[in-house]
Structures are given as C-alpha cells and as structure tokens.
Amino acid sequence: MSRGWIDKDLHMILSIVIVSYNVKFFLEQCLSSLKKAVEGITLPGGSAEVFIVDNASSDGSPDFLEPLFPDFHFIRNKENFGFAKANNQVLSLCTGEFVLFLNPDTILAENVLDICISFSRDHPDAGALGVRMVDGAGRFLKESKRGFPGSAASFFKMSGLARLFPRSKIFSAYYMGHLQESSPHAVDILSGAFMLVKKTVLDRTGGFDEQFFMYAEDIDLSYRINQAGFKNYYLPEATIIHFKGESTRKNFRYVKMFYSAMQLFMKKHFKGGSSSLQLFILNIGMQFRQALAFTMLPFKKSERNSKTRMPVFIKGEPGNEERLKMKMIANHIPVSENENNGAAIIFCESDHRSWKTIIAEITNKPGRLIYYFHGSGTHSAVSSYSNRKQGDVIEL
C-alpha cells in the first residue's frame with residue numbers, strides 16, 4: 001500500500017491489535033473498514049501497523065482473510081489464550097505512538113482514527129481514549145462510558161435501579177448516566193472493544209492482566225491508567241458499530257466466566273478495612289445475580305433473528321444493488337424494491353456511500369429495521385440486532 005504500513009523506516013503513529021475467535025465474516029467487515037480508516041489518517045507520520053491474533057479459530061478465519069489483507073500481520077495461536085494474553089502477545093512488536101485494542105466485531109468510520117489521535121495529542125493528560133459505540137441496530141451502547149464498579153454503583157446496577165433511573169448520578173453511576181453521551185468527558189472505565197492507549201502509558205502500566213481470561217480486563221487496565229495519574233476520555237465525535245457479544249455466546253459458560261472475572265477484579269482492588277465489607281456485599285450481590293442469570297438462561301432465545309429471511313431492501317450504488325439482488329435471489333432471499341416495504345436494509349459501503357454516512361443513518365433511526373452491512377469487495381453481509389441473539393451472515 002502507498003502508506004507503507006510495514007516500512008519500519010517510517011514513523012509509526014499507530015499500532016492496532018485485534019484478537020479474533022471464530023468470527024470470520026464479521027472480522028472481514030472490520031478489516032475492510034479499518035483499511036479505509038488507516039488510509040484516512042492525515043496527520044504527519046500517519047502510518048499504521050495492524051496485528052490480528054487468531055486464538056485457534058475453527059472457522060478458517062486466517063486462511064480466508066490473510067490473502068485479502070496482505071499488509072496486515074496475522075498471528076496464529078495453536079490454542080485459545082484468551083483476550084488479555086493474546087493482546088499482550090504482540091505488545092512487544094508494536095512500534096506506534098499509540099496502541100489501539102480493537103474487537104473483531106466492529107466497523108469504523110473513515111475519520112475515527114484521525115479524530116482520536118488528534119484529541120489524544122491535544123490532551124497531554126490523556127492516557128487512554130474510547131469512542132461512542134452503537135450496536136448493529138444503531139442504538140447507543142452504555143458501556144461506551146462507565147464509572148468505577150464500586151460497591152454502590154455495582155449494587156444499583158445489579159438491583160435494576162440503574163435502569164429505573166438512567167440519568168441519575170447516584171443510581172446510574174455504573175454507566176455514568178448523568179453525563180451526556182453527545183459530549184466528551186473524562187470517565188473511569190473504557191471498553192476494550194475500542195481502547196486507544198498511548199504507548200508511553202502502556203510502558204508504565206503494562207498491558208492487560210493475564211489473570212483475566214475474558215471480561216473485566218478492560219476495567220482493570222482503565223483503573224490502572226487512572227492510578228498512574230492519567231485520564232480516560234470518552235469521545236463521542238468518533239462513532240463505531242460494535243456488534244456486541246458476537247464473538248461470545250450468552251450461555252452457561254459465559255455467565256460463569258463473566259461473574260468469575262468480576263469477582264477476581266474485586267479481590268484484586270478491594271482490600272483491607274472498609275473494602276473488605278464492600279467486597280463481602282458485592283460478592284453476595286453478584287452470587288445472587290449469577291444465580292438469577294443461570295435460572296433465566298434456558299428461557300432466553302438463542303436462535304438467529306426470525307426476520308432475517310424476510311424481504312430486504314438493498315441500499316447502495318445501482319450497479320452494486322443489481323449484483324447483490326441477483327445473489328439474494330440465488331440465496332432464496334426476497335428483495336424489496338421499496339425501502340418502506342423491506343423488513344431489513346442491506347447497507348452497501350462504497351466510494352460514494354461511506355461507513356461514516358451509513359453509521360450516521362442508522363443512529364438517526366435506531367432499531368427501526370434489521371440492518372445488514374456489506375463492505376465494498378467483501379464476501380458477506382452481516383447483521384447483529386441484539387446481544388441476546390446470534391447475529392446473521394449472508395454469504396455472497
């Protein structure tokens with residue numbers, strides 16, 4: 001590529017690390033959008049390096065994707081090392097001024113990286129930075145900005161009071177609901193789905209704590225960045241799609257791993273004196289919530305979205321629309337000629353319809369229909385409407 005992504009003679013502004021496990025087509029959309037976002041870096045020294053760490057996927061992800069993205073570095077693990085260890089695995093290879101930890105089930109607007117790097121450079125106190133995340137239906141994800149999960153904040157979240165009072169500074173402290181999602185803020189906790197960290201800060205704090213196989217490692221790192229004297233910023237000017245939970249399934253194993261990780265985090269950071277009482281109270285609450293989650297799991301539907309094979313409307317350039325229409329028909333998927341008559345919309349990214357434009361459109365009409373996303377030149381259209389249901393893939 002003209003940017004010289006792997007030319008070590010150039011100053012690397014950004015190192016991007018993605019850990020992937022069995023999300024081949026979602027990762028393809030992610031890398032397709034990332035490629036254009038990297039090309040959109042206009043700042044001096046705007047070169048980047050991308051590392052994809054595959055945690056022993058069984059869906060053929062590396063074999064499928066490596067030829068499509070030859071300028072990216074693919075690393076194949078022979079076993080699943082978990083999120084924290086796999087990210088740390090390549091930190092020693094990162095030469096960028098910034099390190100971006102990115103989930104494989106994300107889609108980035110073309111200007112996201114430029115916005116984030118500019119903001120971080122303009123704020124010397126910034127240790128890490130997160131963005132405004134929306135799900136595949138265009139709905140704002142509250143975990144884009146979070147407070148520290150202390151005893152009160154965690155209790156109000158687990159008890160449901162945070163949901164009843166979503167804008168309360170007290171009851172909704174876990175998601176910092178009193179802070180406007182449209183304004184930048186210093187926050188306690190950032191999401192590991194998109195976490196831009198200055199390399200000099202990581203050199204001081206270290207990477208993710210490998211005691212955490214999955215979950216809570218982003219909370220732990222955010223906390224350590226704060227403890228080192230830096231701020232974590234939430235930046236809503238940059239918006240991405242995060243198909244939340246697409247690489248993890250909400251099953252019994254998920255519930256056990258999630259609550260075990262939170263208990264590990266509490267034991268690590270709540271010690272001595274009043275903290276022992278907080279830890280005791282939190283453990284009781286979490287054990288209750290875990291038991292409730294186990295009880296409810298059999299009643300939650302895990303099948304694919306029931307509307308995915310209803311009529312779809314294809315939104316893109318005329319040539320692409322006709323090509324996709326033929327493929328939809330070949331897959332026995334009815335195509336609507338009218339947007340108002342479709343049960344789903346397939347957004348086709350192209351030179352004339354950017355990811356930035358598509359993301360803006362779905363956030364303006366969140367949850368109206370089922371949305372699919374197809375990057376230019378990719379081999380699928382992907383959708384994930386709810387974190388309670390498995391996403392859908394239409395292979396093209």
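How many disulfides does the structure hold? It holds 0 disulfides, a disulfide being a pair of cysteine sulfur atoms within 2.5 Å.

1. **Basis.** This is a predicted model, in which local features need pLDDT of at least 70 and side-chain atom pairs count only at pLDDT 80 or more, while totals for chains, interfaces and linings use all residues. Residues are numbered from 1 along each chain as its sequence is written, and side-chain values use heavy atoms, with hydrogens and water left out.

2. **Cysteines.** Cys116 is buried, at 1% relative accessibility. Cys348 is buried too, with a relative accessible area of 1%. Buried means under 20% relative accessible area, exposed over 50%, and partly exposed in between (1.4 Å probe, protein chains only).

3. **Main core.** The largest nonpolar core has 58 residues. Such a core is a set of buried Ala, Val, Leu, Ile, Met, Phe, Trp, Tyr and Cys residues joined through side-chain atoms within 4.5 Å. Leu14, Ile16, Leu31, Leu34, Leu113, Phe194 and Phe373 touch the most other members. Helix α1 (residues 24-39) gives the most to this core, with 8 residues. Helices (H or I, at least four residues) and strands (E, at least two) are DSSP runs, numbered from the N terminus.

4. **Phe194.** Neighbours within four places in sequence are left aside here. Phe194 is then in contact (heavy atoms within 4.5 Å) with Leu100, Phe101, Leu102, Leu108, Val112, Leu113, Cys116, Leu129, Gly130, Val131 and Ile240.

5. **Helix α8.** This helix is largely enclosed by the rest of the structure, because 8 of its 11 residues are buried. The buried residues are Glu217, Asp218, Ile219, Asp220, Leu221, Ser222, Arg224 and Ile225. Just after α8, Gly229 takes a positive phi of about 100°.

6. **Ser222.** Ser222 lies in α8 (residues 217-227). Why does Ser222 count as buried? Its relative accessibility is 0%. Leaving aside neighbours within four places in sequence, Ser222 is in contact with Asp188, Ile189, Leu190, Met195 and Asn232.

7. **Ser120.** Helix α4 (residues 112-122) contains Ser120. Ser120 counts as buried, at 4% relative accessibility.
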